[in-house]
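Welcome to my notebook. I went through this structure one topic at a time and jotted down what I looked up.

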Amino acid sequence: MLRLRAVAILMLLALALVAASSPSSSSLASSPQEVRVRGGESLPKQTRELIAAAARADAGELSRRYGAAYNRDFTVYLPGTVEEFARIGGAATPAEAIGYADPSRDLVVVSPAVWKGEPWRVGTVLLVEISHLVLDEKLGLDREELPHWLDEGLSTDAALDWSLARGWPSLQRDRLTRYRFLTLTLWQSISGSRQQELATRAALRRGDLPSLAGIDGLFSKDTSDVRLAYAASYSFMHYLTRSHGEGARIRLLGALEGGADIDTSFRLAFGKGLAALEKDWRASLLEEGWPFGMLSTLAQLLVTLTVVVFFGVLLALGVIRYRRRGPYSHARRMSHLLIAIIVTALLLGTPTAGAATQTAGTAGRDAPPVSVKAESEIPAAYRSRISAVVFDRAAALSVAYRHSYERPVTVLLAARSDRFPRVGAAGDVLAVARPAEASIVVSPKSWRGDPKGLDGVLAHEVSHLVLGDKFAQGGAPLPRWLDEGLAQYVAGTWDFDLDWAGQRERTMRAAVASRSLLPISSLEPAFNDPDSLSLAYAESYGFVQYLSVTFGRQRLERFVDRASSSPSVEEAAEAALGRSFGDVEKEWRAQLIGDTQWWQLLLDDQTFLVLLWSVLAALVVLGFLLNSRRKRRAYERMEEDDARWDYREVSLDEREADDRVPE
Ligand SMILES: [Zn+2]
């Protein structure tokens, strides 16, 4: 019973993350899309609702990513047994499949092995399968005509890429830290993409990697071939998006949609034919050597190794103890202590679990037109992506900030970075928002980089535009902490940098530990001082997050609304939160101090965690060695005794031999 409940909670969390982190896509859709969830009756009603919400959000996001308009109602089916799963899928679906999509029936089926056994994977399965639905709608092709490697490669790439872009790694820290044991699972699911790369590389080195044309044949073979087929499809498409950007993917789909054949479409999108691209891809697989940072590989290896050694030795100690039945109390005590340490390390996370990120559910009205200007050439697809994000965010924030933002927005992609000031440790400014002119100027550093990163930058800057406009109309001065706090908070899962959230958290902990937290009222000058800038951002974010968690989104919205026309934030807090601003700040501070423990500073640190495991393993080995040496001595002494004492007078029980050390 307890296990069932735990599974339901896990699933709920995972799906809440997906649902909460998805942008509202309804602003671009004409009628709300209906997603039905069938089967899965054993799940709580709320979980099923979350699955539907996550599926709808996935369809919206994937439509945006593919430049498609998938607006059909569809069904997510959760069959109760593996037999039923196989029956619905027909002969084409292998029993070990985790899910499949049937565009002709507007149907996505999730294997019971996943939704019952590994609920945290439901989010990924939904993404991959819904991607098939959206691609089918976009390309209007029979599934037979689109090569499998292209269909599967695009879907896996988009799904893994998206779950990364939505900040799953930072989610570990932000939301699931209370359930620290969960993070290992998430971590593993993330490194799934790395495993795909490794499998492909290994096959190439063995000479087993077929040509693209040959990959399709593998999908119908046995398990290891199917795995390779997926891995290679993913690797190829991932290589292309990584090297040519997401705009190229949208161009590719546009060309396919227009009826161009596969090779022509690739030529149009990537400037090279399929054969040449395939050659480049194979060359890149060989030359990279290490598929990802050597350090992280070593760290993963070390962690795995120490965990294995640790549990191996623990097991060995247990077996020895059982065999000898001796009261080797120091060994027992040590193993108890170690188990306690590990359980504590796994379970204790930051008690400040964040709330779901703000996204407005029903956006769509009053979204402004967006014009994108660039000082140097950019692809049309990139341009349309930028205006889609700005449009979407402005619509969503119009709802969240209770302010119809109707101004036409200009986004300027600057060619030179020297007009952006450097600000202390925070580095270069990524973009600047000018609410008075309704414009955003983006540094080449962020727009020439990863387009996913740009989404986060835009989300942040659009918040400044909408909030700035609201306060200008309301007549109240906009406090900097509220402006930056909300901008970071609403950009939440759109974080520019996956490490941003972790960095922010570490800055806060360090400030709490060194008693250098600044009062909210004195944050204003801190934003202008390079030394305190990072802390000012982190505190702004932390306080806004606290307000949202403590008072709920509704009341935070009311507070923002009130503050825009109040003489002071103190007055707005009294009216909207029903408490004095000073008291709220005091409670936040007390909670921060109460929550932050010295060991959290250490647990934040990956290097320390690796070290901790290594030391634990070393301790166990040392204990084991000491133990056996002690025993060997005891035996030696026993043997000396044998020479002097009558053999039969000595108990054969080791316990007594051990305790009765002869004089
Ligand atoms: Zn900002």
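**Entry 1: a salt bridge to start.** I began with Arg 589 and Glu 585, whose side chains meet in a salt bridge (3.3 Å, N to O). By that term I mean a side-chain nitrogen of Lys or Arg within 4 Å of a carboxyl oxygen of Asp or Glu. The two residues are 4 residues apart in helix α25 (residues 581–595), so about one helical turn separates them. Glu 585 counts as buried, at 11% relative accessibility. My scale is this: buried is under 20% relative accessible area, exposed is over 50%, and partly exposed is in between (1.4 Å probe, protein chains only). Helices (H or I, at least four residues) and strands (E, at least two) are DSSP runs, numbered from the N terminus.

**Entry 2: ground rules.** I am reading a predicted model, in which local features need pLDDT of at least 70 and side-chain atom pairs count only at pLDDT 80 or more, while totals for chains, interfaces and linings use all residues. Residues are numbered from 1 along each chain as its sequence is written, and side-chain values use heavy atoms, with hydrogens and water left out.

**Entry 3: further salt bridges.** How many salt bridges does a search of the whole structure find? I noted 16. One of them joins Arg 267 to Asp 263, with the closest N and O atoms 3.0 Å apart. Both residues lie in helix α13 (residues 262–270), 4 residues apart, about one turn of the helix. Arg 267 is partly exposed at 46% relative accessible area, and Asp 263 is partly exposed at 30%.

I also looked up Glu 571, which forms a salt bridge with Arg 562; here the closest N and O atoms are 3.6 Å apart. Glu 571 is partly exposed, with a relative accessible area of 32%, and Arg 562 is partly exposed too, with 38%. Then I found a network of salt bridges linking Arg 72, Asp 106 and Glu 137.

**Entry 4: a sheet with β1 to β4.** I traced an open sheet of 4 strands in the order β1-β2-β4-β3, with mixed pairing. Which strands stand at the edges? They are β1 (35–39) and β3 (99–102); each has a single partner strand, so one side of each is left without a neighbour in the sheet. From one strand to the next, the twist averages 15°. For such angles, axes are lines fitted to C-alpha atoms, for helices over the stretch in contact, and angles run from 0 to 180 degrees between N-to-C directions.

I counted two strands as paired if DSSP finds at least two bridges between them. β3 and strand β4 (residues 107–110) pair in the antiparallel sense over 4 bridges. Tyr 100 has Val 109 in β4 as its bridge partner.

**Entry 5: a sheet with β5 to β8.** I found an open sheet of 4 strands in the order β5-β6-β8-β7, again with mixed pairing. At its edges stand β5 (370–374) and β7 (431–434), each with a single partner strand, so one side of each lacks a neighbour in the sheet.

I followed strand β6 on both sides. β5 and β6 run parallel and are joined by 5 bridges, with Val 411 in β6 as the bridge partner of Val 372. Strand β6 (residues 409–413) also pairs with strand β8 (residues 439–442) in the parallel sense, over 4 bridges. Opposite Val 411 I found Ile 440 in β8, and opposite Leu 413 I found Val 442 in β8.

**Entry 6: nonpolar cores.** I used the term nonpolar core for a set of buried Ala, Val, Leu, Ile, Met, Phe, Trp, Tyr and Cys residues joined through side-chain atoms within 4.5 Å. The largest one has 65 residues, and those with the most contacts inside it are Ile 386, Val 442, Trp 481 and Phe 559. Helix α23 (residues 533–563) gives the most to this core, with 14 residues. Apart from it lies another core of 59 residues, among them Ala 52, Ala 59, Val 76 and Val 134.

**Entry 7: one last residue.** Is Asp 455 buried or exposed? Asp 455 is buried, with a relative accessible area of 4%. Asp 455 and Ala 491 are 36 residues apart in sequence and 8.9 Å apart in space, C-alpha to C-alpha.
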